[in-house]
Amino acid sequence: MKIALRNAANAIGNLKESTPLRDFFHRINFRKGRVSAISATARKLGIIIWNMIVKNTSYYNPENYLYLDEKRKLAVQKRIQKQMEKHQFKVDDFNFITI
């Protein structure tokens, strides 16, 4: 099983099109090297397969995964909304310019 998962992870690393697992592989590969990326992706595949078998669910491919920049943007928006509520402002009180 270990060899099969590592071979599958290596194949994921060689994919040309972008998928969440391939992107994960390349992030780890950039930081820690290919061997670590293969191990980490194989572990992730094992966990996905385990959850599919134990929980009897199909695999959900996270296409809309939020990356760090998007998470920061959402956090800023949330913080601004809290401040507006705290000071009892409404969106209509501001003249926003949309580009």
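This is a predicted model: local features need pLDDT of at least 70, side-chain atom pairs count only at pLDDT 80 or more; totals for chains, interfaces and linings use all residues.
Visitor: What makes up the fold of the protein chain?
Guide: The protein chain has four helices and zero strands. Along the sequence, the pattern reads α-α-α-α.

Visitor: How many residues does the protein chain have, and what share counts as buried?
Guide: There are 99 residues, and 18% of them count as buried. Buried means under 20% relative accessible area.

Visitor: What does the accessible surface of the protein chain come to?
Guide: About 8700 Å². Carbon and sulfur atoms hold 58% of that surface.

Visitor: What share of the contacts joins residues at least 24 apart?
Guide: Take the contacts between residues at least 6 apart in sequence. Of these, 46% join residues at least 24 apart.

Visitor: Why is Asn56 called exposed?
Guide: Its relative accessibility is 69%. Exposed means over 50%. The value of 69% passes that cut-off, so Asn56 counts as exposed.

Visitor: Where does Asn56 lie?
Guide: In the loop between helix 3 (34-55) and helix 4 (68-86).

Visitor: Which residues form the positive surface patch?
Guide: Arg27, Arg31, Lys32 and Lys44. Lys and Arg count as positive, so the patch is called positive. Helix 2 (residues 20-32) gives the largest share, three residues.

Visitor: Why is Arg27 called partly exposed?
Guide: Arg27, in helix 2, has 36% relative accessibility. Buried is under 20% and exposed is over 50%. The value of 36% falls in between, so Arg27 counts as partly exposed.

Visitor: What makes the nonpolar surface patch?
Guide: Met1, Ile49, Trp50, Ile53 and Val54 make it. The patch covers about 590 Å².

Visitor: How do you know that Trp50 is exposed?
Guide: Trp50 is placed in helix 3. Its relative accessibility is 56%. That is over 50%, so Trp50 counts as exposed.

Visitor: How many salt bridges does a search of the whole structure find?
Guide: One. Asp23 forms a salt bridge with Arg22.

Visitor: Why is the pair of Asp23 and Arg22 called a salt bridge?
Guide: The closest N and O atoms are 3.3 Å apart. The cut-off is within 4 Å, so the pair is a salt bridge. Side chains of opposite charge can pair when their charged atoms come close.

Visitor: Are Asp23 and Arg22 buried or exposed?
Guide: Asp23 has 17% relative accessibility. Arg22 has a relative accessible area of 18%. Buried means under 20%, so Asp23 counts as buried. By that cut-off, Arg22 is buried too.

Visitor: What does Arg22 touch?
Guide: Arg22 is found in helix 2. Leave out residues up to four places away in sequence. Then Arg22 touches Ile12, Leu15, Lys16 and Glu17. Contact means heavy atoms within 4.5 Å.

Technical notes: Residues are numbered from 1 along each chain as its sequence is written. Side-chain values use heavy atoms; hydrogens and water are left out. Helices (H or I, at least four residues) and strands (E, at least two) are DSSP runs, numbered from the N terminus. Buried means under 20% relative accessible area, exposed over 50%, partly exposed in between (1.4 Å probe, protein chains only). Accessible areas come from the Shrake-Rupley method with a 1.4 Å probe; for residues, only the protein chains shown count as cover. Patches are made of residues with over 30% relative accessible area and no salt bridge: like charges are joined within 9 Å, nonpolar side chains (Val, Leu, Ile, Met, Phe, Trp, Tyr) within 5 Å. A salt bridge is a side-chain nitrogen of Lys or Arg within 4 Å of a carboxyl oxygen of Asp or Glu. The place of a charge is taken as NZ of Lys, CZ of Arg, CG of Asp or CD of Glu.
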